[in-house]
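Please examine the sequence and the model shown here. The paragraphs that follow lead through them.

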Amino acid sequence: MITFWQYSWLSGRLKSKKSVNFMEFIPYLQPLVSPTPTSTGCNIIFVHKDDKSLQFSSVGLANFTSIADGLAWWDFIQCYMDVAEPLPNAPTLEVCRHLDPTTAKHDVAIGRDPRYWRDMSEQEYEAAEQAMAEKVARAFH
Amino acid sequence: MQQDYYAATAYEYQYWKTTPMPEPHQLKGNHPLEFGDYARVVPSTYLKGLYASLKDEGIAEDDGLFQFNHQCIRTVTGGRAWLGILCQFGGSLLVIGGTAIVIGVLLLSLYFAFSDLKLSIKIIKEMAPIIGCILIVGLVFLGLVRLPPLTQTIFLVRLVPL
């Protein structure tokens with residue numbers, strides 16, 4: 001579910017709250033272009049199938065430097081939202097992996113170290129970061 | 001707290017196997033993306049520069065949230081911050097304009113009614129409410145942006161990004 005919080009522009013108080021199913025949104029890739037080739041990247045925007053005014057996007061959640069990174073984020077979000085799939089293996093989600101039943105089962109099955117990211121040295125972290133960047137580049141070349 | 005069930009509205013890729021995808025909108029320059037076919041990757045946004053946060057047990061164990069990474073996450077601030085700019089510029093224009101009109105009226109009364117005090121008073125009296133309004137509104141606008149910070153947030157929200 002995606003929840004939209006609407007605030008009054010003047011008082012800043014909450015006006016309304018609306019929850020919509022994730023399946024009702026159509027995802028779009030919005031490449032960012034400029035007259036000079038100085039800016040690269042893209043946005044992923046989600047527009048409601050019936051109501052174009054209901055939108056949310058990757059802005060404020062991520063800042064992509066390439067289209068491959070944007071597509072990787074779309075893959076990440078899908079895995080995150082899909083309850084049949086384990087959570088993506090990201091350091092930010094490591095502390096709550098045990099709370100999600102599918103992820104907890106998956107982690108037990110593959111014998112994942114619950115402190116995989118947290119026990120890494122800086123060199124190991126950089127190597128893992130680099131390996132993932134290469135995997136992203138390979139997957140979305 | 002762990003639950004052993006998911007809400008009926010929770011998303012599963014299985015859903016698209018039984019339901020046709022909705023027709024994409026006609027949005028210029030945007031390309032619709034497809035669901036499924038997971039590559040199981042993590043974007044650099046969620047990896048780059050997080051090592052320091054990982055090592056901070058206070059942050060990592062507290063609520064599962066990491067330090068905000070300004071390099072990787074772009075924030076768009078929207079709200080009433082423009083009101084502050086409007087108050088500053090609009091207020092100064094009104095005060096400058098009001099003062100100019102005061103001087104203008106005094107010059108006019110000097111020019112047209114130098115020897116006639118009654119006419120001079122009449123000109124000033126007729127113009128006084130307009131000038132007063134302009135000056136008061138201008139001063140209120142300028143005053144708004146000079147309030148103590150806590151009071152100011154009531155009118156203008158936070159003027160600096162988080």
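**Surface, domains and interface**

I85(B) counts as exposed because its relative accessibility is 52%, exposed meaning over 50%, buried under 20% and partly exposed in between (1.4 Å probe, protein chains only). The residue I85(B) belongs to helix α4 of chain B, residues 81-112; helices (H or I, at least four residues) and strands (E, at least two) are DSSP runs, numbered from the N terminus.

The model is predicted: local features need pLDDT of at least 70, and side-chain atom pairs count only at pLDDT 80 or more, whereas totals for chains, interfaces and linings use all residues. Residues are numbered from 1 along each chain as its sequence is written, chains are lettered from A and ligands numbered from 1 in the order in which they are written, and side-chain values use heavy atoms, with hydrogens and water left out.

In chain A, the domain assignment, which is automatic or from a database, gives domain 1 (1-67) and domain 2 (83-141). Taken over C-alpha atoms, the centres of these two domains of chain A are 26 Å apart. D50(A) sits in the loop between β4 (42-48) and β5 (55-57) of chain A, and D50(A) counts as exposed because its relative accessibility is 61%. Its C-alpha atom is separated by 8.2 Å from that of E24(A), 26 residues apart along the chain.

Between the chains, 69 residues of chain A are in contact (heavy atoms within 4.5 Å) with 56 residues of chain B. One salt bridge is counted between chain A and chain B, a salt bridge being a side-chain nitrogen of Lys or Arg within 4 Å of a carboxyl oxygen of Asp or Glu. E85(A) and R40(B) form a salt bridge, with their closest N and O atoms 2.2 Å apart.
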